[in-house]
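These are my notebook entries on one structure. I set down what I looked up, entry by entry.

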Amino acid sequence: MRRITVLRLFHRVGRDDRVTVHVALTARAFGASGVMISGDRDDGLIGSIRRVTEQWGGPFEVDFVEDWEGYIRDRKAAGDVLVHLTMYGVSLLDVLGELRNQLDQRDMVVVVGASKVPRVVYELADYNVAIGNQPHSEVAALAVFLDRLLEGRVFKVEFEGAMLKVIPDPRGKRVLRLRGGNLKSEAWDGDGRGRGLVV
Ligand code: SAM
């Protein structure tokens with residue numbers, strides 16, 4: 001599979017902090033290779049996403065992009081396919097097969113907005129894709145897009161170099177520490193007794 005990079009447009013410090021982090025976490029968990037963030041430069045936010053990757057594994061790249069339009073044009077010139085998620089686009093169901101074929105041959109950049117997305121993005125996009133034609137959220141749109149495109153990779157994906165790994169448990173929290181010693185975490189049995197980290 002080729003690489004998918006999510007481009008988060010127009011991040012606003014303060015206003016978009018949580019949603020931008022959630023865009024990045026969703027991109028990583030659902031199978032994208034990285035996220036590029038444009039708008040207000042926010043090194044703290046980039047650091048917190050990198051820390052998640054250090055703890056829970058990668059590879060997953062995160063970086064700030066100053067000139068988002070230049071980035072899009074460069075990536076297109078390099079042969080990437082550009083997908084813009086927008087409620088005004090064509091239904092994902094109508095282009096899913098085509099997008100899967102594209103991803104077999106080309107890396108993909110997936111654009112999601114925060115505030116109003118300018119017309120040039122609609123024009124540069126190879127596909128303007130809607131997850132339904134109602135307004136909702138960039139996090140929801142990205143999750144559905146990646147889940148459908150990658151056929152449930154979120155349920156299978158394995159990360160390299162993780163410090164921590166969840167052991168699925170029907171009632172409590174179980175976390176396996178694979179390396180490193182400074183992280184706090186908690187676990188408990190179904191009866192509420194703490195059992196600490198499982199090693
Ligand atoms: N008001 C902004 C505009 O007109 O461009 C959009 C704000 S919306 C909360 C933020 C982002 O969520 C959008 O830029 C788009 O990427 C994504 N989004 C929201 N609804 C969507 C939908 N139905 N399909 C695909 N993407 C959607």
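Is E151 buried or exposed? I found E151 exposed, with a relative accessible area of 53%; buried means under 20% relative accessible area, exposed over 50%, and partly exposed in between, with a 1.4 Å probe and protein chains only.

**Entry: the basis**

I noted that this is a predicted model, in which local features need pLDDT of at least 70 and side-chain atom pairs count only at pLDDT 80 or more, while totals for chains, interfaces and linings use all residues. Residues are numbered from 1 along each chain as its sequence is written, and side-chain values use heavy atoms, with hydrogens and water left out.

**Entry: domains**

I looked up how the chain is divided and found domain 1 (4-155) and domain 2 (164-198). The bounds come from an automatic or database domain assignment. The centres of the two domains, taken over C-alpha atoms, are separated by 31 Å.

**Entry: backbone angles**

I began with the general rule: most residues other than glycine have a negative phi, and most peptide bonds are trans. I then returned to E151, which is not a glycine and has a positive phi of about 50 degrees. I located E151 in the loop between α6 (138-149) and β7 (164-166); helices (H or I, at least four residues) and strands (E, at least two) are DSSP runs, numbered from the N terminus.

F10, also other than glycine, has a positive phi near 65 degrees. F10 lies in strand β1 (residues 4-11) and is buried, with a relative accessible area of 17%.

Which peptide bond is cis? I found that the bond from G58 to P59 is cis, with omega near 0 degrees. P59 is placed in the loop between α2 (43-56) and β3 (61-64).

**Entry: H11**

I looked up H11 and found this residue in strand β1. H11 is buried, at a relative accessible area of 1%. Its side chain makes a polar contact of 3.2 Å with the side chain of D42. A polar contact is a pair of N or O atoms within 3.5 Å; within protein, one must be able to donate a hydrogen and the other to accept it, and residues adjacent in sequence count only if both atoms are side-chain atoms. Leaving aside residues up to four places away in sequence, H11 touches several residues, among them D16, T20, I37 and L45; contact means heavy atoms within 4.5 Å.

**Entry: A32**

I placed A32 in the loop between α1 (17-29) and β2 (34-39). A32 counts as buried at 6% relative accessibility. Residues up to four places away in sequence not counted, A32 touches I4, V6, A27, F60 and L146. I also noted that A32 and R153 are 121 residues apart in sequence and 9.8 Å apart in space, C-alpha to C-alpha.

**Entry: the ligand**

Which residues come nearest to the ligand? Of the 17 residues around the ligand, I found that L85, I131, G132, Q134 and H136 do; a residue is near if one of its heavy atoms lies within 4 Å. The largest share of this shell, three residues, comes from β4.

A backbone N or O atom of T86 lies 3.4 Å from a nitrogen atom of the ligand. For V117, a polar backbone atom is 3.3 Å from an oxygen atom of the ligand. A backbone N or O atom of Q134 lies 2.7 Å from a ligand nitrogen atom.
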